[in-house]
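Me: I am new to reading protein structures. Could you walk me through one, feature by feature?

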Amino acid sequence: MSTDDDDILSAPVPDPDAEPTAAERAHARTFADLVDKTLSGRTPPAMSADDRALLEVATVIRATSGGLELAPQRTRSIVEDALRQAIGANSAATSMGGVTPITAAKSRRRWVPWAIAATSSIVAVAAIMMLWLRTPKQLAAPVAPVAQQETPANWKSRPVELPGPITRDKSGDALSRIDYIFADRLEGFRERRLRGGKP
Amino acid sequence: MTRVFVILALTLGMFAAGCTSHDREPAGGSQSVTRVAEPDDVIDQDLMIALAQAKNFHHKAKVYISDGKPAEATASVREILSLRFPAGAPEAEDVRLDARALLAKLLVSQGQLDEAMRTVDEGLAQAQRETFFVANLHTVQGEIHEARAANFDSENDKAKAIEERRAAITSYDRSIQINTALQKSLLQKKPTEPR
């Protein structure tokens, strides 16, 4: 059975200057209502095949014109799905299941450095407190006696020890005395060097 | 800003941890229990070099004396007075005082009594402690006074000659006094010294 719709789609294209008929106007008004309902999310459950085809064309034209915006939830879902595919996760999973939402990741990235900084600061403060608390104890503790080995006397630079007074006849005999002094100090010097400076 | 704060906190934390761990180390038992002799009070190479030089100048002077060249011998002994010893080395004073005694005797032998007396007086003025070397210098001072007295005698200046002889006796007395005190000190030390 042929209808008016069939006539519109199958009939020859009218002249551009021709006046629209009453049937054409009524059909245009009906289709406009249909488009409005579809855009507002109230698509009629049943419509003719021609109307559906026209409606799809109208939707495509509107989408390509750039005026179409996705709902935020839908946008997020699409991005999450794309990210999931990028990291190789199961694409069959739900859109909010396996992947951390972008907003959540952002918020985590914001508090992680502060957490590290706070932990480090706490460690530093604790270490400084330990230093302060331990220092008086160490000062108060008795110092362990260090076994100080006395440096042998013959290793030291010291006044010249003469066995007795310089007699008058030996008053000018400085040569024999300097020989004695040099030999004595050389002995101590060699002994110290051979033992590496340790008594 | 956040990064700067994090880096600052981490650095502070590591620094504090490092301080505490370093502070712990001495208690670990690795501390040395012996004390090595301080380098400033032991016989070092500088002292040995100075003593060796003094010794060589004395030997050189002896050669000149035996060769009949008192002026050269005097110059050689005078070199000892300008030797550089390590700061604070007690040997320096003793060696210089002994060199002054010999130098004064050499000057006396050359008739330079005033120069000899100046040499002795300078030595006595610089002496920091009473030693057998100081006593010896007083002895040489007495000899110089004696030589002066002999000169005044030859010039028939009896008064000055007597004055110089008195000064000589004073110098010898001072020498004896120092030697006696030092010997007494040595005798008191001997019983306590280990054999």
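Me: What share of the residues of chain B count as buried?

Reply: Of its 195 residues, 32% count as buried. Keep in mind that this is a predicted model.

Me: How many helices and strands does chain B have?

Reply: Chain B has seven helices and zero strands. Along the sequence the pattern reads α-α-α-α-α-α-α.

Me: What do the contacts in chain B say about sequence distance?

Reply: Take contacts between residues at least 6 apart in sequence. In chain B, 59% of these join residues at least 24 apart.

Me: How do I read a nonpolar core?

Reply: Start with the general idea. In soluble globular proteins, nonpolar side chains tend to be buried together. Now the case here. The largest nonpolar core has 37 residues. V77(B) and A104(B) have the most contacts inside it.

Me: Which elements give two or more residues to this core?

Reply: Chain A gives α6 (174–194). Chain B gives α2 (45–66), α3 (70–81), α4 (90–109), α5 (113–126) and α6 (132–154). The largest share, ten residues, comes from α4(B).

Me: Which residues does V77(B) touch?

Reply: Leave out residues up to four places away in sequence. Then V77(B) touches F57(B), A61(B), A99(B), L102(B), L103(B) and L106(B).

Me: How do I read the packing of two helices, say α4(B) and α5(B)?

Reply: Look at the angle and the distance between axes. For α4(B) and α5(B), the angle is about 170° and the axes are 8 Å apart. The two helices are therefore roughly antiparallel to each other.

Me: Which residues meet there?

Reply: From α4(B) come L97(B), R100(B), L103(B), A104(B), L107(B) and V108(B). They meet L113(B), E115(B), A116(B), T119(B), V120(B) and G123(B) in α5(B). By class, the residues of this contact are eight nonpolar, two polar and two charged.

Me: Now a pair across chains. At what angle do α6(A) and α2(B) pack?

Reply: The angle is about 155°, with the axes 9 Å apart. That makes α6(A) roughly antiparallel to α2(B), because angles over 145 degrees count that way. Their crossing is left-handed.

Me: Which residues meet in that pair?

Reply: The α6(A) residues include L175(A), I178(A), F182(A) and F189(A). Among those from α2(B) are L47(B), L51(B), K55(B) and H59(B). The contact of α6(A) with α2(B) has twelve nonpolar, two polar and four charged residues.

Me: Where is I166(A), and is it buried or exposed?

Reply: I166(A) is found in the loop between α5 (102–140) and α6 of chain A. Count the C-beta atoms around it. I166(A) has 24 others within 10 Å, so it is buried; the cut-off is 20 or more.

Me: What does I166(A) touch?

Reply: Residues up to four places away in sequence are not counted. I166(A) touches S171(A), F132(B), A135(B) and N136(B). As for R177(A), it lies eleven residues from I166(A) along the chain, and their C-alpha atoms are separated by 9.9 Å.

Me: How do I read phi?

Reply: First the general rule. Most residues other than glycine have a negative phi. Now the case here. N156(B) has a phi near 60°, a positive value in a residue other than glycine.

Me: Where is N156(B), and is it buried or exposed?

Reply: N156(B) is found in the loop between α6 and α7 (158–189) of chain B. With 7 C-beta neighbours inside 10 Å, N156(B) counts as exposed. The cut-off for that is 12 or fewer.

Terms used. Residues numbered from 1 in each chain as written. Chains lettered and ligands numbered in written order. Predicted model: local features only at pLDDT ≥ 70, side-chain atom pairs only at ≥ 80, totals over all residues. Core = buried A, V, L, I, M, F, W, Y, C linked by C-beta atoms within 7 Å. Helix = DSSP H or I, 4+ residues; strand = E, 2+ residues; numbered from the N terminus. Contact = placed C-beta atoms within 7 Å. Axes fitted to C-alpha atoms, helices over the stretch in contact; angles between N-to-C directions. Parallel < 35°, antiparallel > 145°, perpendicular 65-115°, else oblique. Nonpolar A, V, L, I, M, F, W, Y, C, P; charged D, E, K, R; others polar. Left-handed = near helix turned anticlockwise from the far one by under 90°.
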